[in-house]
Amino acid sequence: MSVNPIIHDITTRELHAMDDLNATIDLQKAVWQMQGNECSSAYIQNAIIHNGGNVLCAEHEGKMVGFCLGFPAKRGKELWLWSHMAGVLPEYQGHGIGLLLKLKQRSWALDNGYSVIGWTFDPMQRGNANFNLRQLGAIANKYYVNHYGEMKDGINAGLASDRLEAYWELQNPRVIAVANGSTVDPTPIDRNLFVVRYVGGDDVIYEMPTYLKNDQYWIEIPRKISTLKQTNLALAQDWQLVVRKAIVHLLSEGFVATDFISESETCAYRFTRA
C-alpha cells in the first residue's frame with residue numbers, strides 16, 4: 001500500500017453536531033456520485049448515533065475527507081455493528097485513510113460491546129475486495145443478487161446491484177494483526193484451481209468441477225470493472241453473471257471467500273472450505 005505524507009496529518013473523530021453530519025452529504029456525493037435523495041441524511045445519521053451506532057470522519061487540515069457510519073444489526077442471537085457506508089474522497093484514496101477509519105470503527109465497536117462488524121460490497125470492484133479481504137482480514141460468506149435493485153449513481157449504474165457480505169470478526173487473530181500494523185503474506189494464486197477465468201476477447205470461462213475435492217478454488221474478476229462498463233458493457237454484464245454463478249455455488253457447498261489477490265495481470269478471490 002502506498003503511503004502519502006498527508007496520512008500523518010489525518011485525524012479521526014466521532015460526529016455528533018448536525019452541522020458536521022450535514023457536511024457528510026457533499027462527501028457522499030463526491031465519493032459515490034450520488035444524487036441528494038440517495039444520500040444518508042443528517043437526520044438519519046443523528047438517529048443512528050442516539051440508538052447504538054456511530055458516525056466517524058477523517059479530516060485533513062480541517063477538511064472532511066472520509067467518513068463511515070454504522071448501526072446495530074441483529075443476526076440470529078448476535079448483535080453486530082452494521083457498517084452501512086464508508087468512503088474517502090477520490091483525491092485522497094489509496095493512502096491508508098480508509099484503513100484508518102475502519103480501525104477507528106473497530107476500536108469504537110469493541111469499546112461498545114460489539115464483536116463483529118458486517119457490511120456489503122460489490123464483488124466486481126477489485127479495490128473493495130482487496131481492501132475488505134486482504135487488508136482488513138474480513139471474510140465473505142453470503143451473496144445477495146441485485147440487493148438494492150437498480151442503482152443509477154456513477155459507480156453502480158449498468159450492472160445489477162449484487163453484493164457480497166463481509167464478516168469482520170474483531171478479535172480474530174488475523175484482524176488483531178492488522179490492527180497492530182502487521183500484514184499476512186498472500187497465498188500464491190493457483191491457476192489450476194480457477195473456476196472463473198478470462199481467456200481474452202469476449203470470453204469468460206466458467207469451469208466448476210462436478211465434485212469439489214480441493215480445499216480451495218479461485219474466481220477471477222476484471223481489474224477495472226468501471227472502465228470495462230464504459231468500453232464493453234455486454235462483457236461486463238457477462239462477467240458479473242459468471243462470477244455470481246460461481247460464488248453462489250461455492251457458498252452453497254460450504255466455501256467462503258477468505259482472501260483476494262491482485263497481481264499485475266490477474267486478480268482473484270480465494271475461496272476455502274469454511
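**Figure 1. Glutamate 61 in the loop between β2 and β3.** Glutamate 61 sits in the loop that links β2 to β3; helices (H or I, at least four residues) and strands (E, at least two) are DSSP runs, numbered from the N terminus. This is a predicted model, in which local features need pLDDT of at least 70 and side-chain atom pairs count only at pLDDT 80 or more, while totals for chains, interfaces and linings use all residues. Residues are numbered from 1 along each chain as its sequence is written, and side-chain values use heavy atoms, with hydrogens and water left out. The phi of glutamate 61 is near 55 degrees, a positive value in a residue other than glycine. With a relative accessible area of 70%, glutamate 61 is exposed (buried means under 20% relative accessible area, exposed over 50%, partly exposed in between, with a 1.4 Å probe and protein chains only).

Figure 2. Strand β2 (residues 54–60) pairs with strand β3 (residues 63–75) in the antiparallel sense over 7 bridges; two strands pair if DSSP finds at least two bridges between them. Look for histidine 60, which stands opposite lysine 63 in β3. The hairpin of β2 and β3 has 2 residues between the strands. Moving on, β3 pairs with strand β4 (residues 78–88), again in the antiparallel sense, over 10 bridges. Here alanine 73 faces tryptophan 80 in β4. β3 and β4 also form a hairpin with 2 residues between them, and glycine 76 in the turn has a positive phi of about 60 degrees.

**Figure 3. The hairpin of β8 and β9.** β8 and strand β9 (residues 203–206) run antiparallel and are joined by 4 bridges. Valine 196 stands opposite tyrosine 206 in β9. In the turn, which places 2 residues between the strands, glycine 201 has a positive phi of about 65 degrees.

**Figure 4. Helix α1 against helix α2.** Helix α1 (residues 18–32) and helix α2 (residues 42–49) pack at an angle of about 125 degrees, with axes 9 Å apart. Axes are lines fitted to C-alpha atoms, for helices over the stretch in contact, and angles run from 0 to 180 degrees between N-to-C directions. α1 and α2 are therefore oblique to each other (under 35 degrees counts as roughly parallel, over 145 as roughly antiparallel, 65 to 115 as roughly perpendicular and the rest as oblique). From α1, Met18, Leu21, Asn22, Thr24, Ile25 and Gln28 meet Ala42, Tyr43, Gln45, Asn46 and Ile49 of α2. By class, this contact of α1 with α2 has 6 nonpolar, 5 polar and no charged residues (Ala, Val, Leu, Ile, Met, Phe, Trp, Tyr, Cys and Pro count as nonpolar, Asp, Glu, Lys and Arg as charged, and the others, Gly among them, as polar).

**Figure 5. Asparagine 130 in helix α4.** Asparagine 130 belongs to helix α4 (residues 126–135) and is buried, with a relative accessible area of 19%. Leaving aside neighbours within four places in sequence, asparagine 130 is in contact (heavy atoms within 4.5 Å) with Gln135, Phe260 and Ser262. The buried residues of α4 are Ala129, Asn130, Phe131, Asn132, Leu133 and Arg134. Their cover includes α3 (97–111), β5 (116–121) and β11 (255–262). After α4 comes glycine 137, with a positive phi near 85 degrees.

**Figure 6. Asparagine 146 in the loop between β6 and β7.** Asparagine 146 lies in the loop between β6 and β7 (163–169). Although not a glycine, asparagine 146 has a positive phi of about 50 degrees. Asparagine 146 is partly exposed, at 35% relative accessible area.
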